[in-house]
Amino acid sequence: MMKVRDLRTLEVGAGTGRVTEELLAGGADVLATDLVSEMLLRDPIRSAMRGRTCVACAEALPFRSRQFDLVVCALTLGHVEDLPGALGSMVETLRPGGALVITCFHPFATLQGWERSFTFQGEECSVEQHVHLLGEYFRTLRDLACPIEDLQERTWEGLPVLFGLRARKAASSRHGPGC
Ligand SMILES: C[S@@+](CC[C@H](N)C(=O)[O-])C[C@H]1O[C@@H](n2cnc3c(N)ncnc32)[C@H](O)[C@@H]1O
């Protein structure tokens, strides 16, 4: 388990606050963002995070370069078509030496036709999923000078369903307009 105490942390696609709660419990100094204001945090996390939330698109984060120690993005990038755009935007906000932690549904599961669905007003809805192969994460992050240092895959009944990765921005990285 990564230690997050006192880390200036940006959470992208925070949703209802499932991961935000864990980051707060670990002592991180978190700013939670999501594309959809209605999704952004549920009480009691919403109250605990008052003033530390922002509606923002992963592909165009409105923050200064190099200001966060940690960027976390859980179960969100499968909804984003422009993966290089989102990864570039997140890496830009990281300070050199900072870490990027991503989890998402495994592209294999999406290719198998697995859908994420929910019921809204009595109707079954499914959320659009884009297929981003793990090689695309690898190459994009390498080219952003934020290479992957750990990658784990989780299976269910023998099939890969989730993955998580940690990448670290090079200490000497010049990526971002703040250079
Ligand atoms: C499945 S939820 C995950 C929420 C939370 N991270 C978690 O793990 O419980 C995906 C979230 O991504 C957000 N999202 C989708 N596209 C996005 C984008 N382009 N930029 C930022 N957030 C986005 C959705 O609004 C939603 O809250």
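Is H132 buried or exposed in this predicted model? H132 is buried, with a relative accessible area of 6%; buried means under 20%, exposed over 50%, and partly exposed in between (1.4 Å probe, protein chains only). The model is predicted, so that local features need pLDDT of at least 70 and side-chain atom pairs count only at pLDDT 80 or more, while totals for chains, interfaces and linings use all residues. Residues are numbered from 1 along each chain as its sequence is written, and side-chain values use heavy atoms, with hydrogens and water left out.

View A. The side chain of H132 reaches the backbone oxygen of V80 at 2.7 Å.

**View B. D82 in its loop.** D82 is placed in the loop between β4 (68-74) and α3 (83-93). Its relative accessibility is 39%, and D82 therefore counts as partly exposed.

**View C. L165 in strand β9.** L165 belongs to strand β9 (residues 159-168). Because its relative accessibility is 4%, L165 counts as buried. The C-alpha atoms of L165 and S89 are separated by 17 Å, and the two residues are 76 residues apart along the chain.

**View D. M39 in its loop.** M39 is found in the loop between β2 (29-34) and α2 (45-48). With a relative accessible area of 37%, M39 is partly exposed.

Key
Helix = DSSP H or I, 4+ residues; strand = E, 2+ residues; numbered from the N terminus. Polar contact = N/O pair within 3.5 Å; in protein donor to acceptor, adjacent residues only side chain to side chain.
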